[in-house]
Amino acid sequence: MKTIQKLFVLGFIASCLLNANIAFTQNIVLYEEDFESYATGEITSTASVYPHQIDGAGNTSTEKWEVSTSTSPTCTGCTNKRARVQYGSSGTVNENTLVLGTFENTYGTDISANIEFDYAFKYASPSVLQIDLYDETLGSVAANLVTLNSADDDASYSASHTLTNGHEYSIRAFYYGEYNWYASIDNILVSFPCTGTAPTFSVTKTCIGDYSTFDLEVDVTSLGSATNVDITDGTTTYESAVGSGAYTISGLSSDLTLMVIDHDDAVACYNSEVVTACDICADAPSLPEDECADAPIIDLSQPFNGSTSCSYTVSAGSPDVCGQSVDNDSWMRFIAADTEIELDYTIGDCANDDGIQLAVFSGTCGSLVNITGSCVSPSGELTTATWNFSGLTIGSTYYIRIDGYAGDLCDYYFEPVAGVVITPDNDECANAMTLTCGDSDIASNILATDTDAPSACSGGGTTSKGVWYQFTGTGQEVTISTDNAGTNFDTQINVFSGTCGSLVCEGGDDDSGTGTSSSITFVAANGTDYYIYVDGDGAAEGQFEISLTCVDACNANPGTWQY
């Protein structure tokens, strides 16, 4: 017998829409620096690393340009980290040039670029702050941008400058001081406007496996003023000279800035979007919560995974059971569809190779009772195991506590096998699940509704909340039955032909199977669509296993035989 399994592998594939509407970026960015990616402290003086600094010939001070969060001098436009220099003792000279990263005009023609930055200067004679556009190719200053040598200043700079085709440039900030004063610079941006309309796109990110890799689907929705575009991160070109449509990029593992850029024009228009690498604590759906009272109900029709590394703390009033000491526990809930539960789980990367510990409780937060036999002791990392526990009440809510042993930080994945309620996809006739001869399905009506519950057919009782199935007749005799091992409550079956908006009763049953299970047999006309509604008798709810079996029908009239 073929079985349709409503079992969902949880945690191995999870997807989320990253950004459906990308804002226009009508400037081509040649260079950008806000110092946020650097640790605070002195900036390296190694000339091959940017940014770096050059000491002046008369420098006798140890104070250097540094990455700092200091707000002295007051720099209104500076944000968080900035480059800052300070002279700290009298009688010596502080003379340093900060060399920021290089950028090059590779567009085949001279271009007019806009240079922007925020800066501040605290003055006392003979202090100087001079910021220049430096032509690295010629080894000389291309343009002086700011010179301060007579007063305090706190301002922003923005102006256009011509960049010669094929030349490499940098921004250089020179500071000279002999007293306890200082300067800052931040948010440097060198860009130039494109000459047309930028293409537009959307991105869908799909996290894979243990969240160490991810795939992107890039949907180019408009080419703008281009006839074709490139999809690139500035280092790798994933698609070249393509048109509108969806494109897949697989096996990514780190943050990137994705660009869809005009392939045709030397001065190209493009749009960009920053895509962050997958993070189980940020991207996984239905994560457990830190406190029992906030525990989410598990909808196991969605991928389910998590990690004890998601900044969980010891929950208030977490019960002391199973000999488990609690360090970073988190909580989730489920509804029992059966008296017995089976979950498969995998423990992934663990910081200390200890693993996780699990326990299940009935009751309410603050008054929880451990389910006997539900405790799982640590079993290390990269371990797959089956978790069974019993003694549950169908339709009742239970709490799962997940804790890293001795505070271990582990990723984990759960896969339901049996006994856990899911939200049914086939709650309405229009979403009926298709069955064919030999199929079976295990489901429940606990989270179903009676949104489009039909009027019962003769023998089908009185309908309540239930779910829908559909099959197409083959001219055979069919038996539709819940008289199977997976059924644990009083079911009813009603069968209709026609369409969801115009159903015609074919027959119903209540209790013709073993105990309170249901079964109905009839000859299904070849090519006719039939709809099955499975619900509980009255308010009955639980898990059922429906099967559809077919045998050849023999409808011939024996008549009178002659010899």
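Predicted model: local features only at pLDDT ≥ 70, side-chain atom pairs only at ≥ 80, totals over all residues.

**A four-stranded open sheet**

Guide: Happy to. Let's start with an open sheet of four strands, ordered S31-S38-S33-S36 and paired antiparallel. Its edges are held by strand S31 (440-444) and strand S36 (519-523); each has a single partner strand, so one side of each is left without a neighbour in the sheet. Going from one strand to the next, the twist averages 15 degrees.

Now zoom in on the end of that order where S36 sits. Strand S33, residues 477-481, is joined to S36 by five bridges, and the two run antiparallel.

The protein averages a pLDDT of 87, and 91% of the residues score at least 70. Two stretches call for some care, though. Over residues 1-25 the pLDDT is below 50, yet this stretch has 86 contacts in the model beyond near neighbours in sequence. Residues 556-563 also have a pLDDT below 50, but there the count of contacts beyond near neighbours in sequence is zero.

For something to set beside our sheet, go to another open sheet, where four strands follow the order S23-S28-S25-S26, again with antiparallel pairing. Here strand S23 (330-335) and strand S26 (367-370) are the ones at the edges, with a single partner strand each, so one side of each is left without a neighbour in the sheet. The twist in this sheet averages 35 degrees from one strand to the next. Inside that order, strand S25 (residues 356-364) and strand S28 (residues 397-404) run antiparallel and are joined by six bridges. A handy pair to pick out is Leu358 with its bridge partner in S28, Ile402.

One last stop, this time in a loop. Asn228 lies between strand S16 (213-222) and strand S17 (229-232). As for what surrounds Asn228, leave out residues up to four places away in sequence and the contacts are Leu223, Ala241, Val242, Ile261, Asp262, His263 and Asp264.

Note on methods: Residues numbered from 1 in each chain as written. Heavy atoms only, no water. pLDDT = per-residue confidence, 0-100. Contact = heavy atoms within 4.5 Å. Pairing = 2+ DSSP bridges. Axes fitted to C-alpha atoms, helices over the stretch in contact; angles between N-to-C directions.
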